Structure formats: structure tokens, C-alpha cells
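Hello,

Here is the structure I promised to pass on. Have a look at it first, and then read my notes below.

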Protein chains: 2
Amino acid sequence: MALRARALYDFRSENPGEISLREHEVLSLCSEQDIEGWLEGVNSRGDRGLFPASYVQVIRAPAAEPPPPARYANVPVGGFEPLPPPAAFKPAAQQPPPAAPSQGSDDDWDDDWDDSSTVADEPGALGSSYPDYETAGGGAPGRYRLSTRSDLSLGSRGGSGHPAGHPHPPGGGSAKSSATVSRNLNRFSTFVKSGGEAFVLGEASGFVKDGDKLCVVLGPRGPEWQENPYPFQCSIEDPTKQTKFKGMKSYIAYKLVPSHTGQQVHRRYKHFDWLYGRLAEKFPVISVPHLPEKQATGRFEEDFISKRRKGLAWWMDHMCSHPVLAQCDAFQHFLTCPSTDEKAWKQGKRKAEKDEMVGANFFLTISVPTGPGASLDLQEVESQVDGFKAFTKKMDESALQLNHTANEFARKQVTGFKKEYQKVGHSFKCLSQAFELDQQAFSAGLNQAIAFTAEAYDAIGDLFADQPRQDLDPVMDLLALYQGHLANFPDIIHVQKGALTKVKESKRHVEEGKMELQKAEGIQERCNIISFATLAEINHFHKIRVRDFKSQMQHFLQQQILFFQKVTQKLEEALHKYDSV
Amino acid sequence: MALRARALYDFRSENPGEISLREHEVLSLCSEQDIEGWLEGVNSRGDRGLFPASYVQVIRAPAAEPPPPARYANVPVGGFEPLPPPAAFKPAAQQPPPAAPSQGSDDDWDDDWDDSSTVADEPGALGSSYPDYETAGGGAPGRYRLSTRSDLSLGSRGGSGHPAGHPHPPGGGSAKSSATVSRNLNRFSTFVKSGGEAFVLGEASGFVKDGDKLCVVLGPRGPEWQENPYPFQCSIEDPTKQTKFKGMKSYIAYKLVPSHTGQQVHRRYKHFDWLYGRLAEKFPVISVPHLPEKQATGRFEEDFISKRRKGLAWWMDHMCSHPVLAQCDAFQHFLTCPSTDEKAWKQGKRKAEKDEMVGANFFLTISVPTGPGASLDLQEVESQVDGFKAFTKKMDESALQLNHTANEFARKQVTGFKKEYQKVGHSFKCLSQAFELDQQAFSAGLNQAIAFTAEAYDAIGDLFADQPRQDLDPVMDLLALYQGHLANFPDIIHVQKGALTKVKESKRHVEEGKMELQKAEGIQERCNIISFATLAEINHFHKIRVRDFKSQMQHFLQQQILFFQKVTQKLEEALHKYDSV
């Protein structure tokens, strides 16, 4: 039986697979069952695709048309079937691919989804030495473009605090006319999904153990995460190809040695990916560093393995540097559980997946400074967050540009520069060969010196080609990591802005006598917690940014200097050959 | 009245403007008057063009066709009208342009032909910083392509000792069937034109003053020109724009200071050109260095003046380095006659132009080693000359290639390399500007350091663009000079080979009883003189070649080293800025 629905609000499609709706329009539904809050159907213009379930009202009446020939015909490959469980809904680049639900039985843990993923699942040409990051936007590749986009569009990227793809429905959660501080009707908002709304409205409840407490303290530059009292690092080395099922399946394992235990463990990319999924779900206002991208083909090529190892090492550095992430249970389990103890691993994994302090409850674990002078001025917070938003936008643009330039510069050195110097070398070689025909014993020294000069220029060509690996590649690795962070911040900012809106709303309601002061104070207090956490995260970002860019610029310049010194040395050796001529 | 002629021999056209003839073919002539030994006409296939007058016999009978509409319709622009006097016939790139006969009254001396030359007279885009030498062949530009080619084709360039464009007519000077050692029928041969033939056949006579004697001595590496007992150098500086006729005419004068007088004189390019013409005519077996090319437009542009000055300085260096050229009267007159003494100048000029020791008579002035062991083995000479011929061919090819490479490399540095480094600089600048939005006082140092790094890369881009002027341009200047020499040698070799052929011919005639032994011995003796001179010239070439290429390679490498040191220094300054961050 064909189903129909009537659109309650206008909806403008923004991504492939979505269709636009006009208020009062009648649509045919493919199924009454929503998928993560989305329905599939055909609108009055005959376009087939997805739209928010909350924007329509189902009409129970038979439709004349036959059902569409195939389900999800318009859904992008690698879309959303089979369905990840609802709890995993978040920026999709952070999700494991469909074949491996991030939560569930341990039975499918051993599925080699990272081995069997298809090309369509993995955009981005990682096989090439210098992938063009231009299309990757803020570091969130379009793997699950549908949901990624709808999330990203909520944040600063669209230049608007309002979700472009999913406008607040009229009369919804914005403070226009509602008489109570209600839930946002836009259930796609990060503010809602993160649990930020539920927390601010006082709906979160849970028992917070002391060990779970996350402290924000007041540092000289404002709110900061309390430092990790036991800082550590963790090396990632020796990526080794391993096989199972008698060689039928193969994968790369990395050796991890955390400095606080000194015990090495071996982890695969899918373990990193699982951990990433847990953390991204658990910490809504923390920028969990993105993992280096997956790739479908050539996974065992040396260049790729080396590049991924470096990417993972950067990722690990940012994990260890973050006071909250470094200390969290799932990460510690990942770092310390012996690779051979299957049982202990599954136990820790299950525990992490059953963690109740996620979403709204996570905010309960944050403890902020109290007492006089510890309260944040709302306007000042808003201005700071807005400033940071402008900063991230500009930094994202310049990182994109620098990445593009570095990429091009590397390509030019590997091809053009090398070729030019080697052509000079070749021409000198031809000259020395011509001179060798001169039958003059007294010029043999000159001929040899010119031949040596030819070799020097040939070698300089090779130096140019090898150089990007030493200096530009590390810069691009760093930029990729930061592009991931910059893609995270719009959501973080959005949660903070959602909370601030609730405070303003509640204040107005109190003035209008529609809300008790105590309830409004509760909202403000909880908003305060979110603001403290957000500012602490912003401060942490600046701290590691300055640290990383300083050291990376120094490294880059040192490598460039070494390079030009090597070139100079080659030339000096060649010049020296003429002394005895 | 239309004229006709019958071809006596086959003639194959090799250059634009020439037409091919078949033996017995009847042609229409445009004029009975030959131009430098060439006639213009239309062959039986209807092709109109030039052919050697000696290859046809004029038939005095009217032709049916009307005369061709225009004279010289097929003659390349800047061809050979008005006619230079016959004595000036030699590789045409060495000739002054048509409007200024190299010999003649002093009345036209002041004609500013170097001011009024047209673009069509001057191929080669000297206006650009990096002219493409590719088309210039062995350094002899195609200015007077017609005669240049026909001369060049006599030598090693075609890979054959026989003139490709003008084969020995059957029964001519080659030793096939003639019963006497006769004059070559091919009057276009350099051997004939240089006077070499007349000298070898004993037809030259003149009174040689002691001061005119040119000595070849036996050095450790074989025959050498006797060294100049009073070696000197001459600087060329301060090219200055001067005017005459109340500013109507302007020209560039160069200040010359010869080290043996210390007295400065001023000379214009046309004075150099006059001198060059005298020397090229006087010394058939000496490679007179070519002058830097003329150019029609932009003569007063700074780049061109500076480039020409460097070219003239190289030319001057080779003049002073050559024992024969350095000491010859015309050159000394040029170097020492006061610029202001018009009368003395004209006197010296007229004397040089009336010099009788030119052509065949020049060979009379050469004195060679005598006595036991001083006679040259004919076969050995032949093998040495052949070896040198192969050498010049290879050197010419590699010089052409190196020139092309240097030209391209310079262009790449001025454009591509500069752009790449400056793009890196620009991207760093954008990054520092983004970072300045961060509202964090503690990162100001980093932002400034990155901004400084941006400037360093911008400066490195400029260094790359400036560099070719320091290192590649001098290499190209040197190559241009050598390409001139390499274009001279085919003629020199041809004269020596012509002499050798006469010796072989005379020996056979003696064996056949057709010639007196004494006469044959005279021929061999005179051929010996030419061989000594040729070998001395070859030795001199190798000597200055090794000297020049050694010093130029050293200079090139030193400049490259300086350059990379400057780059390194820029980077070190930038790196230093991060110390205090």
C-alpha cells in the first residue's frame, strides 16, 4: 500500500539525495519508516529523494502510482544502508563505514571492513603522492556526504549560525513566539543531537564518579582544561603487514609504545577508527582530532603506509596533548590493553560502548570554577566565540591555500625543477663529451671537471625531487590534521550558541512572568558550564596551534636550509675539480 | 629582349632563392648581368630564382614569354642588392650590411647605417632578454642567408668536404681527368676566394716587409703562432649615448683603454664592424672572432647596450689573445688612433683598405719552421684536420644544446621558479594574517615570524629571477663567441683541404710525366705553409677554448654557490625569528 504525506513546512534540498518540499505539498512515501529522522519519497515535481520526517505529516490513503522500482535509487553509493544505530548519528566522516556498526556485538568486530571497503566508499586519491586537498574542504571528506553536509551546514561554514539545510521551522525552537523554553523543533541541530539542549533544559541526569570529573580551571588566558597531571606521549612505529585466515586476509599493524607504560601494543587502523567513533560520540564540545583518511586501493604501498603512519603519529600527538582526551578510559584501554589478551580487549570495548556519560550526560561530568569572579559574562563569551568563529574561517581558508601551494610546489620540484637541473647536467655532459674529441692531452682535466659538474647538476635535480618529502610533506600532514579540527569547531560553536539562545529565551520569559526565576537560573548555570568547556577547548586549540606551527615552521626552514646547503656542497665539490685543471 | 641560357651541368638548389638546373636544360634569364657570379632566371619547370652563372651558357635568342613582372621577386628580403663589391665576398654574416660597402670612399663613413638598418636586415629577436639561439645555427645568423649558406655548405657542416650546393662541375678542378693542375672551375669555393688556390699554384707575388712577417713556430703541441712579445689587454667600458647633427642622429660610443698605451679612445659599433671586415678579408686561415649581433630596434635599451658591451669585451679579449690579430696594423690603428684626430683616422683607414697583403698575398707573409724535422707529414696533417673537423661539429652541436638549455633554464628561473617561491611566500603571508585574528597576545611572535618567513620566500623568488644575469648570461655570451669561431672553421679547413688536393694532383701528374718535379715541389712547399698556419690556428683555438671554458665554468659555479648561499642566509634569518617565539 502506497503512502502519502503532506509537507508541514518548506524544505530546501542542499545535498545530493535530498528533495525540496513546499508547505502543503503532498508526497508519495517509499516507506513510513524513517531513517535517522529522514523519509524517502517522491514530491509533486516527480523528484525522488530524502527529506526530514518532522517536516511532513503522513496521510494514510492509497496512492494510484505503483511503488518505485527500487528502494534508495537516488541514495548515493555508500549511503546509509544498512542503518547505523541512531546513537551513532554524528558528522558522518567520523563514522565507521556501514558494514561495521560502531556499536553492537563483538561478533562483527573481526570483520575486515577496512579491507573490504570499496572505492566508492573512499573518495580522495590517496594513492598519489600529492593528493589534491582542494576538494576535501575542511578535512571532512565526502564519504557520507549526505549527513556530513547537513551537519557541517549547521555551523559557521555556511556563514550563518542557522542551519542552512534545515531552517528552524516556523514557530519552532527559536525565541520568536513560543511561550515556554521548549525543545527545538529542528531535531537535526547539533545542539539537539549533542545532548546540549537536553542538558541545558535540565533533562540530563546520571551519577558522576569522581574519576569521570572533567575540570575547567581559570588560567592566565581564561578557562582551561585542567592539565593532565601525568602527561605522556605515545610513539607509532613499524607498520607491519600481517595476515590471518591462512593469508586470505592481510592488514597493517602499527606498534604503539605509550611512554607512561613503556609496554608496546599493536593496533590496526580499524582499532583507531573504533576509538575515534567512541570519542567523537562522547565529547560533544571537544575537537577530537580526525584520523588520516582511509583509502581503498594500494593500501600496502610503501608511500601510503608511511604517510598513514605519520598521520596517525600526528593524531596520537594531539590525543596525548589534550588533557581530557588523554585521560579518558577508552583511550587508555586502547593504549594499554595487551594486543594478545582478546578477552580484556572485548571487555574494555564493551565498557566503552556502554558508557552512560555521553551526550547530555557528558556535560554533567564537567566541573567549572565557582565562587566570586568565576561567572562568565554572557556578552563577553558571545564576542569571544564569534571572534574565534571568524578566526577559524580565515585559518581554514589560509590552510587550504597553503596546502594547495605546498602541493603544487612539491609537484613542481619533483617534476619541473628536477628536470631543469638535470637538463643543465645533461648539456654539460654533452659538452664534456664533445671536448673529449679534442685530441689534446692538456685539456683532459677540464673535460673531467665538466663531466663532474654534469653529475653534480644531475644530483641536484634528484635533491630537488627528494626534498618535498623532507619539508613540504610534514607541513601538509600538519595542515590535514588542523583542517580536521577546523571542521569540528562549527559544531562545538553551535552547541555553545544553542545554549546561549536558551538563556536569552528564558530571561525574556522571566521578564514576561512566564517562567520561574529559579528555572531560568538553572538554565544559565548549565549554559555557563557549556561556555566554560567551549572556551577551554578554544584555548587548548590556540595553545597546541602555536606550539605545532612554531615547531613545524622551524622544521620546514631547517630542512630547506639543509637542502640548500647540500646543493651548495655539490657545487663546491664541482668547483674544486677545476683547481687542478 | 628576353635572354635564354643552357645549363652546362646539373645544379641542385640548397637555399631559398636558388633554383635547380639539369644539364642541357634551357632557362629564361632575367638579366645577362651576373650578381657575384649568380644569375637570375626561370627554369623549365617554371621555378624562378638564382643559379651559378658559370653553370650555364647564354643563348642569344628571343624568348616568347614576357619578362617576369618584377626583378628578384624570389630573392629573400635583405638579399644582395645593392651589390657589395666583389672583394668583400665571404661568409655574409661577417659583412657589413648592403648600405655600407666595406670598402670605398670616406664620404660614406659617417652614414649611420647602423642607425638606419631595417628590421628585415636583422633577424633574431635581440630585444628579448633571452633570444632563442636555436635558429641561429652555428652562430652565423641568417642575415645574408643566401651566401652564408653557400659558403657554410663548403665545409664540415654538411658532413662532406665537397661543396654540397656547388658540386665540382664535371671535368673541373677535382683530380678526375684533367691533365694539368688547373684552376678550380668552381669559383665559389673558399679555397679559390681566399686566394689559397692562387697561392698554392704559385700565382701570388708581393713584397713582404719584415714587419708583416707572421711566424709559425714548433711548440710542444705542434705548430703554433709565435707569441706576441708585447701582450696587452683592452677594456671596453662606459657605453655612452652621443648625438650629432644637433641631436638628429644618436649612437653609442664605447670607451676603450688598451693596456699597452693606457690612452683611452672612443669607438662606435660601426668602427668595430669596419675593422672586422678588414680582418676577415685579410686573414683567410685565421678565425676572426665574430662581433655581437646587430639589432634594429631598441638599440638604446639598457639591457641591449649592456649585453653588447659584454659581447664586445669578449670579442676584444679574443682579439688581444690572438698573436697575429693582436699585432696587425688595422687593429693597432683602431686601438690607438685618437678619437679626435679625424685626419689620422682616415689615413689609417685608407692604408688598411689598400693593404696588398690580403688574399693570396697574405700567405706570402707566413714564415714556417725550416730545416730537418720541420716538414709536415701530409697524411698526419690530413688526419689531424679531419679530427678537428669532427671535434668542431660535435662542439657546435653541444654548444647549441647548452645554449638552448641555459636559455630555457634562465627563462624558467625568471618566470616559474620565481613564481613558485613567491606563491609559497604569499601562502605564508595569508597564514600569518589569519593567525593575527586569533586575539592571543602570546602568539604575536609566531605571527611575526611567519610574516617574516613569507617575506624571505618572496625575496628568494626575486633572487631566482635575478640569478641568470649573474651566471647563465655570461655562459651564453661565451657560447655565442665560440659559435662564431665554429662557423669560421669550415672555411679554414676547406682552404687547407684544397691545398692538399692540389698537392696530390701534382704528384700524380709528376708520376704520369705531365709535370716537372720542381713545380710539384713548389706546390707542396706552399701547401706546407698553409698546413702550418692551419695547425697553428687549431692549436690556438684549443688553447683559448680550454682557458675560456675553465674560467667560465668556474665563474658559473662560483655564482651559483653565491646564489644558494644567499638563499640559505635568507632562510636562516627567517628561522632565527622563531627563536624568541
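Which residue in E4(B) is the bridge partner of B:Gly41? It is B:Gly49.

Before going on, please note that this is a predicted model, where local features need pLDDT of at least 70, side-chain atom pairs count only at pLDDT 80 or more, and totals for chains, interfaces and linings use all residues. Residues are numbered from 1 along each chain as its sequence is written, chains are lettered from A and ligands numbered from 1 in the order in which they are written, and side-chain values use heavy atoms, with hydrogens and water left out.

Back to the strands (DSSP runs of E, at least two residues, numbered from the N terminus). E3 (residues 38–42) and E4 of chain B run antiparallel, joined by five bridges; strands pair if DSSP finds at least two bridges between them. Five residues lie between the strands of this hairpin, and there B:Gly46 has a positive phi near 90°. In E4(B), residues 48–52, five of five residues are buried, meaning under 20% relative accessible area with a 1.4 Å probe, protein chains only.

Now the two chains. Their contact (heavy atoms within 4.5 Å) takes 64 residues from chain B and 64 residues from chain A. Between chain B and chain A there are four salt bridges, each a side-chain nitrogen of Lys or Arg within 4 Å of a carboxyl oxygen of Asp or Glu. B:Glu420 and A:Lys412 form a salt bridge at 2.7 Å, N to O.

Enjoy exploring!

Technical notes. Buried < 20%, exposed > 50% of the residue type's maximum accessible area, 1.4 Å probe, protein only. Helix = DSSP H or I, 4+ residues; strand = E, 2+ residues; numbered from the N terminus.
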